[in-house]
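Work through the exercises below with the model open beside you. Try each task before you read its solution.

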Amino acid sequence: MTVTEDRPSYKWVGTRPIRHDGYDKVVGKARFAADLNLPGQLHAAILRSPHGHARILSIDTSTAEAMPGVKAVVTAADFPALDVGNPEHDVAMNLMARDVVLYVGHALAAVAASTRAEAQAAAAAIEVEYELLPVVLSLDESMADGAPLVNDDNRTAFSGSDEPSNLATVTPLERGDVDGAFEAADLIVEREFDTAWVHQGYIEPHACVVDVGADGKADIWASSQGHFRVRSQTAAVLGWDTARVKVTPAEIGGGFGGKTTIYLEPVAARLSEKSGRPVKITMSRDEVLRATGPAPASKARIRIAATNDGELTAIDGWIGYAVGCTNDMAGFIGAMSVASYRFPNLKLEAVAALTNTPKSAAYRAPSAPQAAFAIESVIDEIAQLLEMDPIDLRLKNAVVEGDPTAMGSPHPRIGFVECLEAIRDSDHYRSPVPEGTARGVGSGFWFNIGEQSSATVNLNEDGTATVITGSPDIGGSRASMALMAAEELGIDVYRITPVVADTESVGFTDVTEGSRATFATGMAVVNACRELIDQLKTRAATILGVEADAVDWVDGAAVAEDKDPLPLADITAKAKSTGGPLTVTASLNAGGAGPSFAVHCCDVAVDEETGQVTVLRYTTAQDAGTAIHPSYVEGQMQGGTAQGIGWALNEEYVYDDDGTMLNASFLDYRVPVASDLPMIETIIVEVPNPAHPYGVRGVGETGIVPPMATIANAVSRATGARLTSLPMSPPKVLAVLDDR
Amino acid sequence: MSKRSRTHVTCTVNGDEVDFLASDDTSLLDALRDELGLTGAKEGCGTGDCGACSVLVDGRVNCSCLMFAPEAEGTDIVTVEGIAEGDQLHPLQQTFLEGAALQCGICTPGFLVSAKALLDENPDPTETEIRYALAGNLCRCTGYDKIVRSVQEAAVQLRGATR
Ligand code: FES
Ligand code: FES
């Protein structure tokens with residue numbers, strides 16, 4: 001179901017064609033990084049630290065080097081030491097520990113051999129002497145007075161201090177008179193919250209194949225959300241010029257933010273350079289969980305003041321993120337998440353602190369879910385205490401265009417109110433709550449980003465078109481590019497071939513993150529098409545013998561008074577005689593990515609004997625601006641929701657005292673399966689983003705923000721007990737029920 | 001036995017008789033991918049927990065990462081590459097495309113194989129039966145909604161075709 005503001009009618013935008021890359025993916029032909037094999041290829045294995053924090057006293061690779069099949073061994077000594085201030089310092093340190101290991105799973109050597117088994121055996125034979133250092137595993141330990149340093153190289157960002165510190169960022173926000181507002185309040189609710197480490201859980205482990213030729217150039221095939229970043233990070237870590245590195249994007253088997261950085265490519269490159277052979281590295285699931293990007297664990301204390309008629313007058317809070325072994329912007333971004341409600345008085349401090357756990361990575365709307373869980377739970381409790389409908393309470397306080405964001409600048413045109421109304425008016429919300437269940441609502445948003453994109457559009461002789469971009473397609477964006485090009489050019493979407501090209505075949509394009517691909521790369525495609533149409537009109541004028549400004553472009557054809565319409569294919573057929581090939585490249589640094597809001601509603605049942613929470617019905621309403629391909633917009637909404645349900649109910653890293661993850665498998669780190677979930681009903685709200693030619697807002701991330709509070713709010717209404725700790729696993733639910 | 005000793009395995013894969021050499025500790029998944037070049041089945045975990053490597057062995061769904069290649073001797077194996085009939089996609093493949101049941105697509109081969117096994121056995125499954133039959137296959141992108149609906153739609157089409 002779609003709720004739409006008035007907008008122009010489109011022929012292609014908003015339709016649901018079969019995606020162009022779909023056939024290869026249903027017949028098993030699509031090539032993911034691990035599917036590629038090169039002649040003479042070696043397999044690499046990585047030796048990882050068994051300790052949570054230790055000094056490396058010595059590494060002896062001599063036994064390993066003499067083992068059968070072994071062709072090359074590398075350690076940090078094979079990479080240049082980057083200065084602490086180098087932007088890729090932390091990436092380099094993470095993919096090969098130099099003097100210290102900072103978490104269990106930290107890589108410190110790698111072996112390339114003829115087979116994976118030989119490489120693994122040799123890696124295990126590398127001898128390392130360690131001096132154990134104190135391990136810091138939680139936010140509280142990290143921030144305690146006199147806490148041991150997690151990482152000597154860390155400095156608190158924006159602090160100006162050059163002292164090593166466990167603090168990554170400290171972000172204070174303040175406006176209005178918070179103390180006065182709390183004094184005047186009719187009602188104050190204060191709660192503390194915590195959430196566990198969770199993993200993005202993409203089904204495809206990280207993988208790459210790298211071939212460094214005799215000319216010293218590296219050919220890389222990688223699974224990533226941004227092959228231009230793979231190129232720049234790999235070059236930086238190796239100390240190479242960017243031009244020595246070519247990266248071809250393989251199909252990517254899920255990323256959700258976790259594949260916006262690199263873990264393997266420079267290691268494979270150095271092994272390939274040393275051995276003179278192509279090198280393939282594929283991570284195991286165990287390595288993925290132990291050594292790649294979980295999202296930060298968090299703690300929060302939130303206090304909100306309200307009047308008896310439901311006006312939220314002030315918020316006062318603290319939120320902290322445990323970000324792993326290197327600096328991270330989690331706290332800074334998390335602080336921005338208070339911007340859903342007007343709050344005339346606001347005081348918030350967001351902090352991120354280091355722990356001896358894996359370097360955290362972005363996970364879909366990074367930092368927002370933790371903050372929204374806390375804030376949306378307190379707001380719900382206020383609605384309960386005031387006996388107000390939770391949607392009415394939110395409607396009364398929701399931000400609209402012009403209201404301040406967390407930083408104080410005004411919100412652009414946004415669709416929060418429209419999403420609240422969509423849920424309020426939905427079949428789900430209006431239906432009676434079934435016996436034995438309870439209903440909760442929650443909301444959230446994500447800012448979205450624009451950044452740099454390039455696109456080349458080639459018109460072929462027969463009037464078909466090739467649309468070439470540099471944005472890896474992580475969930476249907478190729479189809480969106482083709483749809484926008486079809487709309488512009490006025491040709492059938494299946495006459496367009498969307499291509500994601502390597503770093504040498506298309507202009508620079510930033511990572512697919514921040515829900516930016518359809519927004520920013522789409523804008524580059526639209527700009528290229530518009531310039532092509534200008535050229536087509538000029539060519540048509542020549543063919544028709546009229547002035548160029550007498551020609552219009554209508555529905556895929558040039559039209560001029562008293563002339564028959566000249567279809568695109570008739571113009572491309574005459575390209576040679578009218579000026580040569582028709583091709584345009586457009587590039588931009590896009591601004592104006594509009595925030596996307598969502599409101600969720602769910603019905604849950606709580607088994608009071610086992611503590612099991614079951615989600616029985618779920619509806620999400622989200623502002624997509626304009627849905628280019630509604631099926632994939634729904635898919636993003638449903639996928640984000642399912643991940644949020646996992647975060648709410650099951651998923652958590654379990655560490656022992658030394659920092660060893662105890663549940664590093666999909667058996668024990670349990671993501672939702674089909675039988676855990678109901679259908680996820682979707683309402684696409686379309687409040688067009690004025691900064692995009694079709695009104696697009698990124699939709700990829702928002703879906704994961706509301707579910708935790710939505711479910712906690714439903715559980716509270718089911719049981720009378722408020723769950724403030726994620727995941728709401730059966731033992732925790734039982735404990736809270738017992739305390740009632 | 002030395003690591004290099006290899007067993008000669010003969011079996012049927014997607015209707016063709018094939019043979020290959022595999023050491024005793026090679027998984028069927030690695031043999032399919034590396035020896036036979038059939039990279040449709042994926043490795044998401046290697047421990048039987050994700051279903052990305054699902055193939056049919058004598059008509060039953062198996063995690064090929066958990067089977068040793070020599071155990072395939074004499075069996076009839078179907079992988080995602082063998083589900084279509086020539087150019088004609090299997091109704092599941094078609095409904096997955098039309099229903100947008102794949103986002104990244106890494107889980108898709110496993111889901112198609114498991115769903116085919118389900119519909120071969122039970123042409124008219126309930127939503128709950130579909131969800132339980134697919135509970136061994138993880139998808140992190142879709143939230144399963146569109147996968148389940150696509151299986152329901154394929155079941156309707158298949159029943160129509162055999163009526
Ligand atoms: S790879 Fe076989 S079940 Fe995951
Ligand atoms: S479509 Fe990506 S895991 Fe299922």
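This is a predicted model: local features need pLDDT of at least 70, side-chain atom pairs count only at pLDDT 80 or more; totals for chains, interfaces and linings use all residues.

**Exercise 1. Overall build**

Task: Find how many helices and strands chain A has, and decide why it can be called as compact as a globular protein of its length.

Solution: 
- Start with the elements. Chain A holds 21 helices and 29 strands.
- Next, take the radius of gyration, which is 27 Å for chain A.
- Compare it with the globule rule, which gives 27 Å for 740 residues.
- The two values are close, so chain A is as compact as a globular protein of that length.
- The C-alpha atoms fill roughly 85 × 75 × 50 Å.

**Exercise 2. Inside and surface**

Task: State what share of chain A is buried, and what share of its accessible surface belongs to carbon and sulfur atoms.

Solution: 
- Buried means under 20% relative accessible area. Of the 740 residues in chain A, 64% are buried.
- The accessible surface is about 24,900 Å². Carbon and sulfur atoms hold 48% of that surface.
- Now look at contacts between residues at least 6 apart in sequence. In chain A, 80% of these join residues at least 24 apart.
- Finish with the charges. Chain A has 56 positive and 98 negative ones, and their mean positions lie 5 Å apart.

**Exercise 3. Strand 2 and its partners**

Task: Decide whether the faces of strand 2 of chain A are covered or open, then find the strands that pair with strand 2.

Solution: 
- Strand 2 of chain A spans residues 42-48, and seven of its seven residues are buried.
- In a regular strand, side chains alternate between the two faces of the sheet.
- One side carries Leu42(A), Ala44(A), Ile46(A) and Arg48(A), all buried.
- Strand 14 (residues 279-282) pairs with strand 2 in the parallel sense over two bridges. Here His43(A) stands opposite Lys280(A).
- Strand 6 (residues 107-113) pairs with strand 2 in the antiparallel sense over six bridges. Here Arg48(A) has Ala107(A) as its bridge partner.

Conventions. Residues are numbered from 1 along each chain as its sequence is written. Chains are lettered from A and ligands numbered from 1 in the order in which they are written. Side-chain values use heavy atoms; hydrogens and water are left out. Helices (H or I, at least four residues) and strands (E, at least two) are DSSP runs, numbered from the N terminus. The radius of gyration is taken over C-alpha atoms; the globule rule is 2.2 Å times the number of residues to the power 0.38. Buried means under 20% relative accessible area, exposed over 50%, partly exposed in between (1.4 Å probe, protein chains only). Contact means heavy atoms within 4.5 Å. Accessible areas come from the Shrake-Rupley method with a 1.4 Å probe; for residues, only the protein chains shown count as cover. Lys and Arg count as positive and Asp and Glu as negative; His and the chain ends are not counted. The place of a charge is taken as NZ of Lys, CZ of Arg, CG of Asp or CD of Glu. Two strands pair if DSSP finds at least two bridges between them.
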